[in-house]
Amino acid sequence: MKRKKFLAGNWKMHKLRGDAGDFFKEFKPALNSALNNTGDSREPLNCIDVAMAVPATLFDPALLAMQSIGVKILAQNCHWEKQGAYTGEISPGMLLDAGLQGSLVGHSERRQYFGESDDSVGRKWDALASAGLLPIICVGESRTQRDACETMGAVRAQIETALLRVSPEGRSKEFIIAYEPVWAIGTGLTATPAEAQEVHAFIRTVLAEHLAPKRAGETRIIYGGSMNAANAKELLMNPDIDGGLIGGASLKAEEFLKIITAGV
Ligand code: PGA
């Protein structure tokens, strides 16, 4: 099945508004001409999906700069409740209200530093899907798990435990899985294309065990972990690698653009 590639930047806790403004000034026209887009016509990019997960302080400037050429602006996290006494949290409905199109869920940094569990990942996945937003669910094994040949078991457990919280309706909605081996994030180490493809194909079989065949076949599974301009093409050529989630290399417009064009 042909799946449109999905390339997303993850800015994590980087950039003030001034830095972001400089980035957009360079990135927007360059992306526009690289993809031969039609300017400010609100036409979605047609050969590839481009998204950027930015800090909440940059939602507005990012939307203002990038939405008109079809770049999706995403959050990096959310709460699962619609509203309530949850100081510091943002609900899916609020993200929608702010004009966003989706959110990352369960990034390994949230699991590591903020106690995110597979259970809360599932709740957020369901809440985003029912709000009409795109959930991007991050999974991946640690170095210890890979060395102990536990990669597939770890990834299966993350997906299956989260899925327990996702209603049949939520499961029928579009979502993306980001396979991000923890040992490859921000380290300069990358899974080889063969290693990544093997896990992506496995994830698709896990999805097929739990979802309608059409949804499992259509779901994009993207790779994250030190993807850069030098390794993107080799990774993106594989049949089950449907895009990338790019951290460090998405902070520089020129580098991010090279990765995007490698996916076209
Ligand atoms: P990295 O981060 O590209 O800097 O390794 C990827 C991610 O954390 O999503």
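Start with Met 52: across from this residue, in β3, stands Ile 73. The pairing of strands here rests on DSSP, with at least two bridges required between them. Strands are DSSP runs of E, at least two residues, and helices are runs of H or I, at least four residues, numbered from the N terminus.

A word on the model. It is predicted, so to speak of local features we need pLDDT of at least 70, side-chain atom pairs count only at pLDDT 80 or more, and totals for chains, interfaces and linings use all residues. Residues are numbered from 1 along each chain as its sequence is written, and side-chain values use heavy atoms, with hydrogens and water left out.

Back to the strands. β2 and β3 are paired in the parallel sense, over 3 bridges. Ala 53 has Leu 74 of β3 as its bridge partner. On to β1: this strand pairs with β2, again in the parallel sense, over 5 bridges. Ala 8 has its bridge partner in β2, and that is Ala 51. In general, strands of a sheet pair through backbone hydrogen bonds, either parallel or antiparallel.

Now the whole sheet. It is a closed barrel of 8 strands, in the order β1-β2-β3-β4-β5-β6-β7-β8, with parallel pairing. On average, neighbouring strands are turned by 25° against each other, direction ignored.

Is β2 buried or exposed? Buried means under 20% relative accessible area, exposed means over 50%, and partly exposed is in between, with a 1.4 Å probe and protein chains only. In β2, 5 of the 5 residues are buried, so the strand is largely enclosed by the rest of the structure. Both faces are covered. Asp 49, Ala 51 and Ala 53 are buried on one side, Val 50 and Met 52 on the other. As a rule, side chains in a regular strand alternate between the two faces of the sheet.

Next, helix α2, residues 59-66. Of its 8 residues, 6 are buried, so this helix is largely enclosed by the rest of the structure. The buried ones are Phe 59, Pro 61, Ala 62, Leu 63, Ala 65 and Met 66. What covers them? The cover includes α1 (17-34), β2 (49-53), β3 (72-75) and α3 (92-97). Contact here means heavy atoms within 4.5 Å.

Helix α12, residues 253-262, lies across β1 (6-10), β2 and β8 (243-246). It runs at about 160° to β1. Axes are lines fitted to C-alpha atoms, for helices over the stretch in contact, and angles run from 0 to 180 degrees between N-to-C directions.

Now a helix pair. α7 (residues 151-163) and α9 (residues 193-210) pack at about 35°, with axes 10 Å apart. Residues of α7 in this contact include Val 155, Ile 159 and Leu 163; those of α9 include Phe 202, Ile 203 and Val 206. The contact residues divide into 9 nonpolar, 2 polar and 4 charged. For the classes, Ala, Val, Leu, Ile, Met, Phe, Trp, Tyr, Cys and Pro count as nonpolar, Asp, Glu, Lys and Arg as charged, and the others, Gly among them, as polar.

On to the rings. How many aromatic pairs does a search of the whole structure find? It finds 8. Rings of Phe, Tyr and Trp (its six-membered ring) pair with centres within 6.5 Å; planes under 30 degrees apart are stacked, over 60 edge-to-face, the rest tilted. Phe 23 and Phe 27 make a tilted pair, 5.0 Å centre to centre, with 35° between the planes. They are 4 residues apart in helix α1, so about one helical turn separates them. Both Phe 23 and Phe 27 are buried.

Trp 125 and Phe 175 have ring centres 4.7 Å apart and planes at 50°, so that pair is tilted. This pair links distant parts of the chain, 50 residues apart. Trp 125 is in helix α5 (residues 118-130), Phe 175 in the loop between α8 (168-172) and β6 (176-179). Trp 125 and Phe 175 are buried. There is also one aromatic cluster of Trp 11, Phe 23, Phe 24, Phe 27 and Phe 256.

Last, some backbone and surface points. Lys 12, in the loop between β1 and α1, has phi near 50°, a positive value in a residue other than glycine. Cys 149, in the loop between α6 (143-147) and α7, has a positive phi near 60°. Cys 149 is exposed, at 71% relative accessible area. Ser 33, in helix α1, is exposed at 56% relative accessibility.
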